[in-house]
Amino acid sequence: TVWNIIKKNESTDELTNRKGTGRPRKISTAVDRIILSIIKKNPQIPVQQIRNTVQESGVDLAMATVHRRLHEQKYRDYTARCKPLDSSKNRMSTLQFAKKYFKE
């Protein structure tokens, strides 16, 4: 509120927020972007391989850190769904449909 801002200005002669507490991040946003670019090129790449690629650039980090960064960016691991194979009956009906509606 306005009252709190005025009070803060009177006590500290500044209006900027204080620096946040807590442990600073080990890797920078540039390394986060490198991790995201790797996963965008190949979404099936394992975390171990991403870590090795990033370490080649001189940054030492754990696999858990890579996994956490991917999780923060909504990249989650999943298993692809098994789709049923087409039966011969389904293939024949698709072929008949194609012949009926897609004549050259």
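At what angle do helix α3 and helix α4 pack, and how far apart are their axes? The legends below take up this point and others in a predicted model.

**View 1. Packing of helix α3 on helix α4.** Helix α3 covers residues 47-56, and helix α4 covers residues 63-72. They pack at an angle of about 105 degrees. Their axes lie 9 Å apart. Angles of 65 to 115 degrees count as roughly perpendicular, so α3 and α4 are roughly perpendicular to each other.

**View 2. Residues at the contact of α3 with α4.** From α3 come V47, Q48, I50 and R51. From α4 come M63, V66, H67 and L70. The residues of this contact divide into five nonpolar, two polar and one charged.

**View 3. The largest nonpolar core.** Twelve residues make up this core. Among them are I27, V31, I35, L36, I38 and I39. I45, I50, V54, L61, V66 and L70 also belong to the core. The elements giving two or more residues are α2 (29-41), α3 and α4. Helix α2 gives the most, with five residues. In soluble globular proteins, nonpolar side chains tend to be buried together.

**View 4. V31 in helix α2.** V31 lies in helix α2 and is a member of the largest nonpolar core. Is V31 buried or exposed? The cut-off for buried is under 20% relative accessible area, and V31, at 8% relative accessibility, therefore counts as buried. Beyond its neighbours within four places in sequence, V31 is in contact with V54, V59 and L61. K7 is 24 residues from V31 in sequence. In space, V31 and K7 are 40 Å apart, C-alpha to C-alpha.

**View 5. Contacts of L61.** L61 is another residue of the largest nonpolar core. Neighbours within four places in sequence are left aside here. L61 then contacts K26, I27, V31, R51, V54, Q55 and V66.

**View 6. R69, a buried arginine in helix α4.** R69 has its place in helix α4. Its relative accessible area is 7%, so R69 is buried. Which residues does R69 touch, not counting residues up to four places away in sequence? They are R25, I27, D32 and I35.

View 7. Helix α5 runs over residues 88-101. At 1.5 Å a residue, its 14 residues should span 20 Å. The end C-alpha atoms of α5 are 20 Å apart, which agrees. How many of the 14 residues of α5 are buried? The count is zero.

Conventions:
Residues numbered from 1 in each chain as written. Predicted model: local features only at pLDDT ≥ 70, side-chain atom pairs only at ≥ 80, totals over all residues. Heavy atoms only, no water. Axes fitted to C-alpha atoms, helices over the stretch in contact; angles between N-to-C directions. Helix = DSSP H or I, 4+ residues; strand = E, 2+ residues; numbered from the N terminus. Parallel < 35°, antiparallel > 145°, perpendicular 65-115°, else oblique. Contact = heavy atoms within 4.5 Å. Nonpolar A, V, L, I, M, F, W, Y, C, P; charged D, E, K, R; others polar. Core = buried A, V, L, I, M, F, W, Y, C linked by side-chain atoms within 4.5 Å. Buried < 20%, exposed > 50% of the residue type's maximum accessible area, 1.4 Å probe, protein only. Expected span 1.5 Å × (residues − 1).
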